[in-house]
Structures are given as C-alpha cells and as structure tokens.
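Student: I have a new structure open on my screen, and I would like to learn how to read it. Could you take me through a few of its features?

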Amino acid sequence: MKYSIKNICCIGAGYVGGPTMAVIASHCPNIQINVIDINEERIKAWNDENLNNLPIFEPGLESLIRKCRNKNLHFSCNVQKHIANADMIFISVNTPTKEKGLGSGQAIDLKWIDSTARQISKYARGKTIVVEKSTLPVKTAKTIKEILGSKNLPKKQFKTQDSEFVVLSNPEFLAEGTAIKNLQKPDRVLIGGEELEAIEALSKIYSHWIEKEKIITTNLWSAELSKLTANAFLAQRISSINSISALCEATGADINEVALAIGTDQRIGKEFLKSGPGFGGSCFKKDILNLIYLCNYYGLKEVSDYWQKVLDLNDWQTRRISKTVVEKLFGTISGKKIAILGFSFKANTNDTRESPAIKICRELLEEGGKISIYDPKVSLNQIKSDLGLEKYNLNNSFDGSWKFENSIIEASRNADAIILVTEWEEFNQIDWDKISKVMRHPAWLFDTRSFKNTYKANYYGIRVWKLGNGLEE
Ligand code: NAD
Ligand code: UGA
C-alpha cells in the first residue's frame, strides 16, 4: 500500500477536532495523534489534569481523554513539528460566516482554511493526505490543492525533502451533546476523493470500529455538497415542525401529538420533529447561508429563496417567544423578573453559539426585563460575552439588567415568569410546588421544549404556556 498511516495531525482542537481525534485514538492505539491549535488557552485546557476543565463538555469524552491522553493522543501548539511528522492531516478549523467584504453575511470566511493550507504547504514533508473535516463550500478542495501546490511559497527553505499532497473530503456529521455516541456509531462515514489508495488509507482507519458498508465513497464535490445538504435538510425539518407549532397554538392542536402522528409514517420518520424555540448551534444557520450564497453564485435564485425561508421561519420562531412573554405579562415586563432556565443551544453541551437564549434574553432586556439566568454547564463569562455586559448593564439606555445564578431556585426567586429554553434533563425534575412558593404571583411558566412535568406547575398556581399547544393551562 502506498500509504502507511502512523502519525496523524489534526489542526483545530475544537468541538469537532477534540472528540473526533479522541475516538480515533481510542480505536487505533498504534497511531500517534497530535491535535494542534493556535489558541494556547484551549490547548492548556485540553491538557488540564482536572478533567472538569476540558474546554468542551461532551458526555463520554472525559473517559476517552483519561484513556488516551499522553499515550497516543496529544494536544499541542507546536504547529510546525506536528505537521512535519504527519502522514495524514485533518483540517478541523472553524468556518464561520464572513462578517465583512465580498459575500459578507452569507459566504463562509475561509481565512482559517487558507492559513491552515499555507501552514501545511510550508511544513509538511513527504507524501501527506490532507483531509477536509471542517464543513466547506463545495469546490474548496480545489482551492486547498492550489495553495498546497503553489510554488510561490517559501517551501524549500523549510523542507528537507519534497512534499506531495492528496486532498480528501471527510465531512463530520456529529451533533453536539451526542458527539461521542455519533462518532462511535455513525450512520455513515463519507469520504470523497480522487485517489483510490488515499481513500483506502482513510477507510482503513475508520474500519477499526465501523462496518465497511457504512463507509460511503464519492467524488470530492459530492462529499462537500452532501454535508451542506444534510444540515439544510435537518434544519428544514425543524422549521417545518415549528411552523406547524404556531398553527397548533392558534387552533387547539398539540404539536407533539401531530409530530407523533406524522412521524410514524416511515417516509417522514420520527427524528428531528421536536418543536422548540428555533434551531441554534454554530452550523445550521451558517451552512444554509453558505448554500444560499452558492446558489446565487451559480445563478439559482429560486433555490436560494427556498432555503432562505427556512432561516426566516427559524428567526420568527425565536422572536415569537419573547413577544408571547411580553403579551402574557400584561404588555410590559419593565422591572419584572424573568428567569431563563438553560442558555446552551441544546442540552448536554456548554456551547452557546447561535443559542436561541441569546436572542430571547436580548429582546427581554430591550423591553426592560430583569433577567436571571441559570444553566448547568454554561459559565458566567460565556454569558457575559454572548450578551455583551457593557451594552446591557443598568446604566445604559435600556432599563433591563441580567444576573447569573447558580441554581434554579435562586434564578426563580421573586420571578414573575420562568422560560424553559434548553431541554436539560434536570428541568424535568423541577419541584414546581417549591418553585411556585418563591415566585411572585401571578406567576407564569413558558415551556418552549415540551417538558413532561410542566403541567404540574399549573396545579401549584403557576399559569403555563406551552409552545405548540393550543390549550392554555
Ligand atoms: P471550533 O471553533 O470549536 O474549533 C476550531 C478550532 O480551530 C479553534 O480552536 C481555532 O483556534 C482553531 N484554529 C483556527 N485556525 C487555526 C490554525 N491555522 N491552526 C491551528 N488551529 C486553528 O469549531 P468546531 O465547532 O470544532 O467546528 C469546526 C468545523 O467543523 C467547522 O467547519 C464546522 O462547521 C464543522 N462541524 C462542526 C460540528 C459541531 O458540532 N460543532 C459538527 C460537524 C461539523
Ligand atoms: C447539527 C447536525 O445534527 C449534525 O449532524 C451536524 O454534524 C452538525 O449540526 C454540524 O454540522 O455542526 P448540532 O447543531 O450539534 O448538530 O445539534 P442538533 O441536534 O442538530 O441541534 C441543532 C439545533 O436544532 C438545536 O438548537 C436543537 O435544539 C434544535 N432541534 C433539533 C430542534 O429544535 N428540534 C429537533 O427535533 C432537533
């Protein structure tokens, strides 16, 4: 075989790079894996003795780190050394939406991909397989290849021998909160490429724990486009069910009953039909924006308009939560205390990127509300940075203020309303009798995630509004 993979380097120690490499390391003890990042703080946290301080929270991650770290899994900032030693390099860097310049607000900002490709071109030696793990616009492999093959870069002075590259696309489909489970038992692994032996080398790594039938191989562009399409389809289902949730509220139907009824049709399927405050997370929005940008670039306006609607509906769904809260609280929340339970974009992660909680809090602050926030995994500093402390303190043009609390009961004390934003399991265990006693009455509960136990709040004197449920309690 042309390739023998003994050393892997993963560039980017984030939500994808860290867990993915931990799972590969645990199944491939004979491969040395170095995960590198330019963010020193992040690398320090990955190397922290205390596993509670790992930079990301994912169920099952700690035990893998305990098993592999400093054996065949290493975290480092030494970019040059680990790129030079690698037989295979995964690119796992961030690919956010561009904030300025050409295509801003839609196109992907490829500056991290560009600089990563330049680092690889500069430091890699010998035959190296470069794997796109980040989600990328279709045709990015062409750009990467051009950068890697560029003769203008000061290659020679850094190299002891010539380098040769092959680029594969191997998009990641893990979801946060279930990353380790998804990596251990994926629905499929997708590998796009042009060189059969390189594809085989990557397949061989996955075949340590994944059945051969689940490893799909395609051409490069199909693999890149499939990732964007998968996210667009998933987001579209959420917008579809959320659109019906509003109709349920208007008519007396119940969105969970509707979801159950339609989901049993195998052609529709039961997954991803949970109505909520709108999808968050770092990827759905930016990947659909990217799809929209690509469609416009290729002159497909009708297609781009179609996907834009998925985003518009999502935005509307989140905004109608704060609007409903203000309406139910007699048209004003000025000076009223509102507890936000859950700040991460979904349960079992500390990630707050594009969390609906951010938008909801901002809107309530603009209405003059006093917000108390509790989340089991999100830190005060993270919330500060998401809400912008300077903008939303007491001495500015808004009346609103916010406070971080360490428990559900403290967040709820004297609150006029509670909003359940994230579906953390501990919210299912809330003792509504106890909570009702510390709230200010008339008290409201806004349940945006269809918790099973919230009907009990009504029994203890709290008025309950459930998203997607037309029968107000
Ligand atoms: P992240 O922001 O958590 O991590 C990216 C890391 O790359 C950062 O720590 C950053 O410092 C580092 N980095 C950037 N440029 C670098 C460079 N030149 N050298 C070394 N390190 C560099 O991002 P993420 O959530 O892990 O996402 C990474 C990619 O994977 C994105 O394209 C995303 O769309 C995709 N993806 C994410 C998920 C998810 O659940 N988060 C799932 C599937 C795919
Ligand atoms: C999503 C995809 O599920 C992954 O396959 C993909 O790899 C990843 O994006 C990515 O490319 O980053 P993630 O965003 O981590 O994963 O989490 P999801 O479980 O998809 O949830 C996204 C958002 O949709 C959350 O805010 C969640 O609460 C919401 N959601 C999800 C619903 O409102 N209803 C549902 O039925 C499912």
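Tutor: Gladly! Let's begin with a term we need: two strands pair if DSSP finds at least two bridges between them. Keep in mind that this is a predicted model.

Student: How many bridges join β9 to β10?

Tutor: Five bridges join these two strands, and β9 and β10 run parallel. For a place to look, find alanine 339, which stands opposite serine 372 in β10.

Student: What holds paired strands together in general?

Tutor: Strands of a sheet pair through backbone hydrogen bonds, and the pairing can be parallel or antiparallel. Here, six strands make an open sheet with parallel pairing, in the order β11-β10-β9-β12-β13-β14. Its edge strands are β11 and β14, each of which pairs on one side only. On average, neighbouring strands of this sheet are turned by 20 degrees against each other, ignoring direction.

Student: Now a helix, please. Is α13 mostly covered or mostly open?

Tutor: A residue counts as buried when its relative accessible area is under 20%. In α13, which spans residues 356-366, eight of the eleven residues are buried, so by that cut-off the helix is mostly covered. Among the buried ones are Pro356, Ile360 and Leu364.

Student: Which residue other than glycine has a positive phi near 95 degrees?

Tutor: That is lysine 139. You will find lysine 139 in the loop between β5 and α6, and at 36% relative accessibility it counts as partly exposed. Asparagine 348 also has a positive phi, of about 65 degrees, without being a glycine. Asparagine 348 sits in the loop between β9 and α13 and is partly exposed, with a relative accessible area of 35%.

Student: And the ligand? How many residues surround ligand 1?

Tutor: There are 27, and the closest are Asp37, Arg42, Thr95, Glu176 and Lys286. Helix α5 gives the largest share of this shell, with four residues. An N or O atom in the side chain of glutamate 176 is 2.8 Å from a nitrogen atom of ligand 1. In the side chain of lysine 286, an N or O atom is 2.5 Å from an oxygen atom of the ligand. The protein covers 93% of the 830 Å² of accessible area that ligand 1 has on its own.

Key:
Residues numbered from 1 in each chain as written. Chains lettered and ligands numbered in written order. Predicted model: local features only at pLDDT ≥ 70, side-chain atom pairs only at ≥ 80, totals over all residues. Heavy atoms only, no water. Buried < 20%, exposed > 50% of the residue type's maximum accessible area, 1.4 Å probe, protein only. Axes fitted to C-alpha atoms, helices over the stretch in contact; angles between N-to-C directions. Near = heavy atom within 4 Å. Polar contact = N/O pair within 3.5 Å; in protein donor to acceptor, adjacent residues only side chain to side chain. Areas by Shrake-Rupley, 256 points an atom, 1.4 Å probe, with all protein chains shown as cover.
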